[in-house]
Amino acid sequence: MPHTRLINVLDREADFFELFDDQRCNCSKVDLLVRAQHNRSTTGEHTLFETARQSPIQAQANVKVPRQSARPKKSKQKARPKRTARTAKASVRYVQIELNPPSYMKDKEPISVWVVHVCEDKPPAGTEALEWFLLTTLEIKTVDDALDCVKWYCLRWRIEDWHRVLKTGCRIEDIAHKTADRLRRAIAINLVIAWRIMLMTLMGREVPALPAEVLFSDLEIEVLNAYAKKRPQPTR
């Protein structure tokens, strides 16, 4: 796809130096957009987080924060409180920095990246303010470039929903094919099925009166009607 721009959007677990170093060494055509987890040292006077916070505000953005259900503490996961959906009004900053390599990679040169800082100015009472440090290999020339990075990172939540449908709805982790080719084909089919399930769910919430013909062919509707008639009706 020589004319297609590819951007790999990743969450905080992807914040490791080797990823950016690999992208630099291989001259990859895929750019990176990674939410920072570690307050790394830079070639400048301040650390990554301090440098981003001290840069001037360039724009304001409304970020939709989705609701989040509570999660009890598990062996490797912390407990998570319930969060209601809201729109966060955030300040956007961006600055170019050079990240120093970690101590075990001293033979490597510093990596030049841009950081887009998103910080909620006035969070609701009792709510932790939204704050992101987005590292990217994309060149941020204008405010619109920075806002595009914010918009693309927000799409990650929808991708997380898609993964959840794959795991819980399609039960893709239970597939027990014996060859990689069969497994690959099964995954490819389930990727499309999960996308269709998500589309139906979202459209059902937004426009519940939408006719079935929008998403299903006449034959599919006929099959679904026949299947619905075969199923026993729930008793009260």
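**Exercise 1.** In which loop is Arg171 found? Describe this residue.

*Solution.* The structure is a predicted model, in which local features need pLDDT of at least 70, side-chain atom pairs count only at pLDDT 80 or more, and totals for chains, interfaces and linings use all residues. Residues are numbered from 1 along each chain as its sequence is written, and side-chain values use heavy atoms, leaving out hydrogens and water.

Step 1: Arg171 lies in the loop between α4 (156–169) and α5 (180–206); helices (H or I, at least four residues) and strands (E, at least two) are DSSP runs, numbered from the N terminus.
Step 2: Most residues other than glycine have a negative phi. Arg171, not a glycine, has a positive phi of about 50°.
Step 3: Its relative accessible area is 51%, so Arg171 is exposed (exposed is over 50%, buried under 20%, partly exposed in between; 1.4 Å probe, protein chains only).

**Exercise 2.** Determine the setting of Gln23.

*Solution.*
Step 1: Gln23 belongs to helix α1 (residues 17–25).
Step 2: Gln23 counts as buried because its relative accessibility is 15%.
Step 3: A polar atom of the Gln23 side chain lies 3.4 Å from the backbone oxygen of Val30.

**Exercise 3.** Identify the members of the largest nonpolar core that touch the most other members.

*Solution.*
Step 1: A nonpolar core is a set of buried Ala, Val, Leu, Ile, Met, Phe, Trp, Tyr and Cys residues joined through side-chain atoms within 4.5 Å.
Step 2: The largest has 21 residues, and Val116, Val118, Trp132 and Ile140 touch the most other members.
Step 3: Elements giving two or more residues to this core include β5 (111–120) and α3 (143–154).
Step 4: A second, separate core of 18 residues includes Phe17 and Met105.

Note on methods: Polar contact = N/O pair within 3.5 Å; in protein donor to acceptor, adjacent residues only side chain to side chain.
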